[in-house]
Amino acid sequence: GLIGTGGLFVSKLIGLAYTIPFSYILQSEAYQSVYAQSYNIYAYLLTIFQSGVPFAVATLVARYIALNDAKSVILVKRIAFAILGLTGFVGMLLLFALSNVIAPAMVAKNADIMANCLRILSLAIFLVPVLSAFRGYYQGLKEMEEYAFSQAFEQVFRVAFLLSAACLVVYALGWDKKYALYAAVMSTSVAALAAVVQFIHFDRNHQYEIDEMARKQKGQLRTSKKIFREILVLAVPYLIVAVLGNIDQVFNSFLLPTGLKMH
């Protein structure tokens, strides 16, 4: 518990620390507002398109490991990647397609910049759920050191890329500061991709134990259909809570500005 929470704490602390130098680089309240509002939409969609599934995966993996059912563990892993890969892909296409509709409703000025930020962030809607599938799987296997390390690694990589790319664009290349903003939102996808690659390397060195257990196991106790149903039973309540519990972000970022304009 301490290890898992520690990884989250470190990642959040790093996330707070970068805001001061990044604000100094941008030196624009308008661009900072675009940055914050684009992440509000991203965070809400990400919550919807991955909500509950990583938790369900961790729960089912832990259950079947306790029952020495390695074949079901492998099935859970495969189905988790299929679900989160598909939902992430749909979310990516949805955000990319609706960016020109969402952006003008959120900001009166810089709507084109906002739309570009949302398009860039759409890639992260696909990559982060895939990363969450890895995390849920190894959380279920009680690999909490890797779970915590992944969170900290992703955030360190994100902040390092964000600040270095923003400095390069503004100070070395002399480009407009909107490109520093684009680099900042791109950092989420870059960091998620780096964390996925790190998890793939970790997976290659640890998955063989489960594969060996499955090879020695006699018979297949559960079908893919049953495991898929179990994931849904665990994930859907979290999805409902995520949709309703975070919908204030949509009201504040999208519907409220639209209503005020109309008024």
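**Ground rules.** I worked on a predicted model, where local features need pLDDT of at least 70, side-chain atom pairs count only at pLDDT 80 or more, and totals for chains, interfaces and linings use all residues. Residues are numbered from 1 along each chain as its sequence is written, and side-chain values use heavy atoms, with hydrogens and water left out.

**Salt bridges.** I began with charges, since side chains of opposite charge can pair when their charged atoms come close. I found five salt bridges in the structure, the term meaning a side-chain nitrogen of Lys or Arg within 4 Å of a carboxyl oxygen of Asp or Glu.

I looked up Arg222 and Asp69, whose side chains meet at 2.7 Å, N to O. Arg222 sits in the loop between α8 and α9 and Asp69 in the loop between α4 and α5, so this bridge ties together parts 153 residues apart in sequence. For helices I used DSSP runs (H or I, at least four residues), numbered from the N terminus. Are these two partners buried or exposed? I noted Arg222 as buried at 16% relative accessibility and Asp69 as buried at 1%. My cut-offs were under 20% relative accessible area for buried, over 50% for exposed, and partly exposed in between (1.4 Å probe, protein chains only).

Next I took Arg63 and Glu230, with their closest N and O atoms 3.4 Å apart. This pair also links distant parts of the chain: Arg63 is in helix α4 (residues 53-66) and Glu230 in helix α9, 167 residues apart. I have Arg63 as partly exposed at 37%, while Glu230 is buried at 17%.

Glu212 and Arg215 gave me a local case, both in helix α8 and three residues apart, about one turn of the helix. Their closest N and O atoms are 2.5 Å apart. Glu212 is partly exposed at 32%, and Arg215 is exposed at 60%.

**Aromatic pairs.** How many aromatic pairs does the structure hold? I noted 15. Rings of Phe, Tyr and Trp (its six-membered ring) pair if their centres lie within 6.5 Å; planes under 30 degrees apart are stacked, over 60 edge-to-face, and the rest tilted.

I picked Phe89 and Phe126, an edge-to-face pair at 6.4 Å centre to centre with 80° between the planes. Phe89 is in helix α5 (residues 70-106) and Phe126 in helix α6 (residues 111-140), 37 residues apart. Phe89 is partly exposed at 38%, and Phe126 is partly exposed at 26%. I also noted a cluster linked by ring pairs: Phe81, Phe134, Tyr137, Tyr138, Phe199 and Phe202.

I found Gln37 in helix α3 (residues 29-50), buried at 16% relative accessible area. Leaving aside neighbours within four places in sequence, Gln37 is in contact (heavy atoms within 4.5 Å) with Met106, Val107, Met114 and Ser253.

Gln220 is in the loop between α8 (178-216) and α9, partly exposed at 42%. With residues up to four places away in sequence not counted, Gln220 touches Lys71, Ser72 and Leu75. I also checked Gln220 against Asp248: they are 28 residues apart in sequence and 45 Å apart in space, C-alpha to C-alpha.

**Last look.** I placed Leu232 in helix α9 (residues 224-245), partly exposed at 39%.

Key. Helices (H or I, at least four residues) and strands (E, at least two) are DSSP runs, numbered from the N terminus.
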